[in-house]
Amino acid sequence: MNMRKQLLTLMMSASVIVVYSQTQPQPKVLTFDDAVTIALQNGVLFNQQKNNLQFNQVQKVQSVVAMGPTISATGTGSQINGNSFNPNTGTVINGVRDNITGSFNANINLFSGFNRINSIKQYYNQLDAQAYYVNRTQQDLINTVGTQYLQVMLDVELMKIAKENFDALDKQLAQVKEQVSLGARSPVDEYNQDALTKAAELRFVQAEITLNNDKTLLTQTLLIDPFEQYDVEKPNWDINTIDYDVNKIEDLADKAKQFRGDYLRAVKLETAYKYSTAAAKGFMMPSLYAFGTYGSAYNNQHGVPDSVSSAYTNQIIVNDPTAASGYSIQNQTTYTTIANPEKPRPFSEQFRANNVYKQYGLQLNIPIFNGLQNRANYVQQKVLYENAILTRKNVEYQIKNDVLRAVRNYVGVRKSYTVSLDQYRAADLALQLETERYNLGVSSFVDFANANRVFVQAQTDRAQAEYRLMFQKVLVDYAVGTLKPEDFK
């Protein structure tokens with residue numbers, strides 16, 4: 001009866017575990033290709049530089065269009081109450097007057113010490129420099145993701161090794177306890193085995209903590225939800241196909257000058273600052289402008305009547321008995337209403353015909369003294385140009401060091417991988433033999449513990465060498481500047 005109860009309880013527990021595992025969300029698998037794609041979509045610095053590239057494109061277009069004329073339209077409407085000069089009548093009036101003016105203005109730079117031409121070349125090179133910087137920022141991001149993804153994969157492998165070692169030692173502890181209970185072993189062996197097992201469990205817990213920390217770092221780089229669980233997947237890359245000729249490091253360094261975005265950017269910035277220096281020098285030379293204006297105006301004085309009375313006086317001869325001649329001359333005044341000659345002309349007549357004016361000509365500006373502002377600007381651009389030369393030389397040497405280090409590291413990692421395989425095989429065989437000797441009571445616990453420690457270290461070294469060799473292609477291509485997202489499709 002007790003046996004049935006135990007069996008029923010075991011079946012119910014198993015059912016609960018199965019249902020619970022089915023309801024728990026399974027972590028999705030994040031491949032390296034997925035990680036690179038997500039990083040390029042969410043990378044802050046990478047997307048910021050892409051936005052800056054759009055701004056550089058606008059600057060380039062603006063510098064070209066700036067060679068054309070500057071055209072503007074102005075319009076003014078005002079009301080003046082008081083004494084003012086009416087240009088429509090050429091008199092000073094006291095009253096309320098409306099004034100409307102409008103004009104089209106054009107201005108074009110004919111010569112300014114080749115400032116505009118050099119500015120165009122400057123912005124063209126700055127656009128190219130930013131494009132190269134975007135490309136290098138993309139490679140920086142891929143390299144960062146590769147390094148962090150490699151670390152997470154390595155952490156998973158090391159945690160697996162620590163778990164397997166802990167399980168093996170825990171099983172060994174159960175055997176030792178059984179042997180101690182039978183009197184075949186001394187209790188001190190149980191204590192030693194228990195301490196060794198706890199140490200293995202501690203390493204397993206520490207490996208799990210390291211994995212969680214490195215996963216968090218990768219999550220931050222990818223900008224994905226930290227509460228979303230994911231597992232990494234080992235890329236199916238063949239490490240045997242990764243090969244570089246160490247005798248052609250100089251060729252790789254020369255190739256890097258053709259592909260490295262940071263070097264090409266430094267070259268373009270050096271050229272851009274060269275032209276910006278020439279453009280700044282142009283402000284110290286005379287400049288010639290052509291200008292033209294087409295405009296008109298309208299004036300309206302308030303309180304002026306539309307019509308006025310006009311008096312006309314003429315002389316007539318009338319009979320006058322009192323006069324010696326029998327007639328006399330008298331003045332006769334005739335009153336008529338006429339249009340007021342001071343009434344402002346209508347808007348269409350003034351603005352379209354009477355008040356239209358045109359102005360055009362040339363303007364020569366000769367800088368004589370402006371507080372050394374142009375001189376200071378020229379010196380500033382010259383210093384930036386000289387600093388750009390130093391930056392380009394520094395990147396040139398950095399390329400050689402990066403390529404040299406990457407290729408030599410590849411050679412070292414490949415050798416360490418070969419050695420780690422031999423080390424693992426020897427340590428595995430030694431542990432198997434030492435375990436048998438220890439179980440038979442022929443070997444001491446110290447020898448067994450040492451063989452176990454060597455085996456665990458050999459497992460760790462093999463895993464590290466394998467994953468590092470796998471990602472050497474990423475590191476070398478990054479140093480040469482040929483790293484592309486398409487390489488991981």
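## The whole chain

What you see above is a predicted model. Its chain contains 11 helices and 8 strands. Of the 489 residues, 35% are buried.

How much area does the chain expose? The figure is about 30000 Å², with carbon and sulfur atoms supplying 55% of it. Contacts can also be sorted by how far apart the partners are in sequence. Among contacts with a separation of 6 or more, 82% join residues 24 or more positions apart.

## L30, a buried residue

Let's start with L30, which sits in strand β1, covering residues 28-30. Is L30 buried or exposed? L30 has a relative accessible area of 3%, so it counts as buried, because buried means under 20%.

Which residues touch L30, once neighbours within four places in sequence are set aside? They are A35, I38, Y149, L222, Y230, D231, V232 and E233. Take D231 from that list: L30 and D231 are 201 residues apart in sequence, yet their C-alpha atoms are 5.8 Å apart in space.

Now find F111 in strand β3, which runs over residues 91-111. F111 has a relative accessibility of 32%, so it is classed as partly exposed; that class lies between the 20% and 50% limits.

F111 also belongs to a nonpolar patch on the surface.

Terms used: Residues are numbered from 1 along each chain as its sequence is written. This is a predicted model: local features need pLDDT of at least 70, side-chain atom pairs count only at pLDDT 80 or more; totals for chains, interfaces and linings use all residues. Side-chain values use heavy atoms; hydrogens and water are left out. Patches are made of residues with over 30% relative accessible area and no salt bridge: like charges are joined within 9 Å, nonpolar side chains (Val, Leu, Ile, Met, Phe, Trp, Tyr) within 5 Å. Accessible areas come from the Shrake-Rupley method with a 1.4 Å probe; for residues, only the protein chains shown count as cover. A salt bridge is a side-chain nitrogen of Lys or Arg within 4 Å of a carboxyl oxygen of Asp or Glu. Helices (H or I, at least four residues) and strands (E, at least two) are DSSP runs, numbered from the N terminus. Buried means under 20% relative accessible area, exposed over 50%, partly exposed in between (1.4 Å probe, protein chains only). Contact means heavy atoms within 4.5 Å.
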